[in-house]
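Visitor: I would like to learn how to read a model like this one. Could you walk me through some of its features?

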Amino acid sequence: MALPQESPSNTSHGFSMDHSIAPQDLKSLEAAESIEIRNDTFSLATTKALASQIDWNRLHTLSLYGKLGPRGVVPLAQAWTTTLQHLVLSQAKLGHFGVQTLGSLLPASLQTLNLSESDIGQEGA
């Protein structure tokens, strides 16, 4: 089910959207210190685009709500830097492989991690 289309909320410090991601929306990510995106599914191409557009030296909070899958988390995890403090990957359907990948690439700066409703399984926990 697609969410209603609306403009992303963008300030000098944060970015929030509640619909599918369009390429023109990604340009706004460069200056964000906080990003929140709610989407039904994040394709691998979308997570690669997100990873390349985010200024990881500025970002301290990343909140993604929607299916990433075990492979979808990889481009993000490989890109983030030591400034990331808060990470929410809710409803991400990571599975144990995605959680293991995520766990091996978490920055030391991370203070909070929320994997609610992400189907991590017992092996992932």
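Guide: Gladly, and please keep in mind that this is a predicted model. Let us begin with Thr47, a residue of helix H2 (residues 44-53).

Visitor: Is Thr47 buried or exposed?

Guide: The idea is to look at relative accessible area, where under 20% means buried. Thr47 has a relative accessible area of 0%, so Thr47 is buried.

Visitor: Which residues is Thr47 in contact with, leaving aside its neighbours within four places in sequence?

Guide: Phe42, Leu68, Gly72, Pro75 and Leu76 are in contact with Thr47 once those neighbours are set aside. Take Gly72: 25 residues separate Thr47 and Gly72 in sequence, yet their C-alpha atoms are 6.1 Å apart in space.

Visitor: What lies 3.2 Å from a polar atom of the Thr47 side chain?

Guide: That is the backbone oxygen of Gly72. Another side chain can be read in this way, that of Asn39 in strand E3 (residues 34-41). A polar atom of the Asn39 side chain is 3.1 Å from the backbone oxygen of Thr41. With a relative accessibility of 12%, Asn39 counts as buried too.

Visitor: Back to H2, please. Which of its residues are buried?

Guide: In H2 the buried residues are Thr47, Leu50 and Ala51. To see whether such residues share a side, look at the arc they cover around the helix axis. Here the arc is only 100 degrees, so they are on the same side of H2. The face turned away from that buried side carries exposed residues, namely Ala45, Lys48 and Ser52.

Visitor: How should I describe two helices that pack together?

Guide: Two packed helices are described by the angle between their axes and the distance between the axes. For H2 and H3, the axes come within 8 Å and cross at roughly 10 degrees. Angles under 35 degrees count as roughly parallel, so H2 is roughly parallel to H3.

Visitor: Which residues make the contact between H2 and H3?

Guide: From H2 come Leu44, Thr47, Lys48, Leu50 and Ala51, and from H3 come Arg71, Gly72, Pro75, Leu76 and Ala79. Sorted by class, the residues of this contact are six nonpolar, two polar and two charged.

Visitor: Now H3 and H4: how do their axes run?

Guide: Helix H3 (residues 69-79) and helix H4 (residues 95-105) have axes that come within 8 Å and cross at roughly 10 degrees. That angle makes H3 roughly parallel to H4. On the H3 side, the contact is made by Pro70, Val73, Val74, Ala77 and Gln78, and on the H4 side by Phe97, Gly98, Thr101, Leu102 and Leu105. By class there are seven nonpolar and three polar residues in this contact, with no charged ones.

Visitor: What covers the buried residues of H3?

Guide: First, the residues themselves: Gly69, Gly72, Val73, Pro75, Leu76 and Ala77 are the buried ones in H3. Their cover includes H2, H4, strand E4 (61-67) and strand E5 (86-90).

Visitor: And which residues of H4 are buried?

Guide: The buried residues there are Gly98, Val99, Thr101 and Leu102. They cover an arc of only 160 degrees around the axis, so they lie on the same side of H4.

Notes. Residues numbered from 1 in each chain as written. Predicted model: local features only at pLDDT ≥ 70, side-chain atom pairs only at ≥ 80, totals over all residues. Heavy atoms only, no water. Axes fitted to C-alpha atoms, helices over the stretch in contact; angles between N-to-C directions. Helix = DSSP H or I, 4+ residues; strand = E, 2+ residues; numbered from the N terminus. Parallel < 35°, antiparallel > 145°, perpendicular 65-115°, else oblique. Contact = heavy atoms within 4.5 Å. Nonpolar A, V, L, I, M, F, W, Y, C, P; charged D, E, K, R; others polar. Buried < 20%, exposed > 50% of the residue type's maximum accessible area, 1.4 Å probe, protein only. Polar contact = N/O pair within 3.5 Å; in protein donor to acceptor, adjacent residues only side chain to side chain. Arc of directions from axis to C-beta.
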